[in-house]
Amino acid sequence: MNNCKLSIIIPAYNTASYLERTLNVLVNINMSNYEIIIINDNSNDGTEDIACQFISKHSNIKYYKNQINQGVGVSRNIGFEKSSGEYITFLDSDDWPDLIAYKTAVDTFENNNDCDCIIWGIKNEYDNKISSYTRVDYNDYHCINKELALSLLCNTYTLDVTISSYLGNKMYRRALIETNRIFFDRALFEDVTFTFKTILYANKIILLPNLYTHYYQRQCSIVHSFTKKHICDMFNELSCIQNIVNNNYPIYKKDFYSLVEKCSKTLFKIMYDNIESPSEQKQLLCYYFENLLKYFSINEILDYLDAGRIKKVLLN
């Protein structure tokens, strides 16, 4: 597509029940110079049929199918390679943005040459729309530097706003990803590493108010299951970030350890939400701590926690 401003990259795997809803929103957004790139990760349901129905009616939709299942991270990388947009956004095949979200973000980029990443709000959605709730919200426009953005992502300290590692509420300047070679790993928690890197290498980050991506909560998604792979992949991804911080950005060590704590809390929540057996929980907790001590020394952990926090844990 000539003069393509925006590429919307959608990895899809066995989401025929939801893809039509997502595409129906995207083909109705108020823009003309954008493309939708669907990467079918070797689905065995009707995902391809849904995609082909839309392709026949909309020339700005590109469709590719992996010959074997490669995972969501690899599919996003393929989508990026096939894209031509000046700006990039990633959207899961069961989520959808506000109709005005993408145009607002593109217009903001056009008026802010020093901005590399734009972020807006998130609403969690369920089959019953009454259960919908706002997960992340920005009431005002904020243009911030990477130092503050990393603190918000890692929960280094408390402020009135936060940044999630969820990808669907973000748009990037293409050059940010290409210049710094930021790609996805083939692992769970790959979104954490990608988000950390994009913020780390960004110049300015803009938070947009009163816009949302709607994050659909499917019961069969990875946050509604739990295995040892969740633990392995989390520590592998955190290890990648640790290497970058230790080798090149030691000033962000505190942010990194805050991120370890944040990811661990997310991991524990997924585990307790999905594993009911106390004996199985104990086995998984043992496996978590084995991995923790494999990647981090006792001194590193105690330095981060500090004496006051340890006392609070031990005596309360």
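1. The model under discussion is predicted. Asn 155 has a positive phi of about 60°, although it is not a glycine. Asn 155 is partly exposed, with a relative accessible area of 43%.

2. Asn 14 is not a glycine, yet its phi is positive, at about 55°. Asn 14 sits in the loop that runs between strand 1 (6-12) and helix 1 (16-26). With a relative accessible area of 25%, Asn 14 counts as partly exposed, because the buried class ends at under 20% and the exposed class begins at over 50%.

3. Phe 90 is buried, at 2% relative accessibility. Two of these contacts, Arg 76 and Phe 184, are also related to each other: Arg 76 lies over the face of Phe 184, at 5.1 Å from the ring centre. In a separate case, Lys 123 lies over the face of Tyr 212, at 4.5 Å from the ring centre.

4. The structure holds 21 aromatic pairs. Phe 90 and Tyr 172 form a tilted one, with 6.3 Å from centre to centre and 55° between the planes. This pair links distant parts of the chain, since Phe 90 is in strand 4 (residues 87-90) and Tyr 172 in strand 9 (residues 170-173), 82 residues apart. Tyr 172 has a relative accessible area of 0% and is therefore buried.

5. The pair of Tyr 102 and Trp 120 is edge-to-face, at 6.1 Å centre to centre and 70° between the planes. Tyr 102 lies in helix 4 (residues 101-110) and Trp 120 in strand 6 (residues 115-125), so the pair ties together parts 18 residues apart in sequence. Both residues, Tyr 102 and Trp 120, are buried.

6. One aromatic cluster is formed by Phe 235, Phe 256, Tyr 257, Phe 268, Tyr 288, Phe 289, Tyr 295 and Phe 296. Phe 235 is also touched by Asn 291, which contacts Ile 231 as well, not counting residues up to four places away in sequence. Asn 291 and Phe 235 are 56 residues apart along the chain, while their C-alpha atoms are separated by 7.1 Å. Asn 291 is part of helix 10 (residues 278-295) and is buried, with a relative accessible area of 5%.

7. How many disulfides does the structure hold? The number is zero. For Cys 4, the nearest cysteine sulfur is that of Cys 115, 18 Å away. Cys 4 is buried, at 7% relative accessibility, whereas Cys 52 is partly exposed, with a relative accessible area of 38%.

How values were computed
Residues numbered from 1 in each chain as written. Predicted model: local features only at pLDDT ≥ 70, side-chain atom pairs only at ≥ 80, totals over all residues. Heavy atoms only, no water. Helix = DSSP H or I, 4+ residues; strand = E, 2+ residues; numbered from the N terminus. Buried < 20%, exposed > 50% of the residue type's maximum accessible area, 1.4 Å probe, protein only. Contact = heavy atoms within 4.5 Å. Phe/Tyr/Trp six-rings, centres within 6.5 Å; stacked < 30°, edge-to-face > 60°. Lys NZ or Arg CZ within 6 Å of the ring centre and 35° of its normal. Disulfide = S-S within 2.5 Å.
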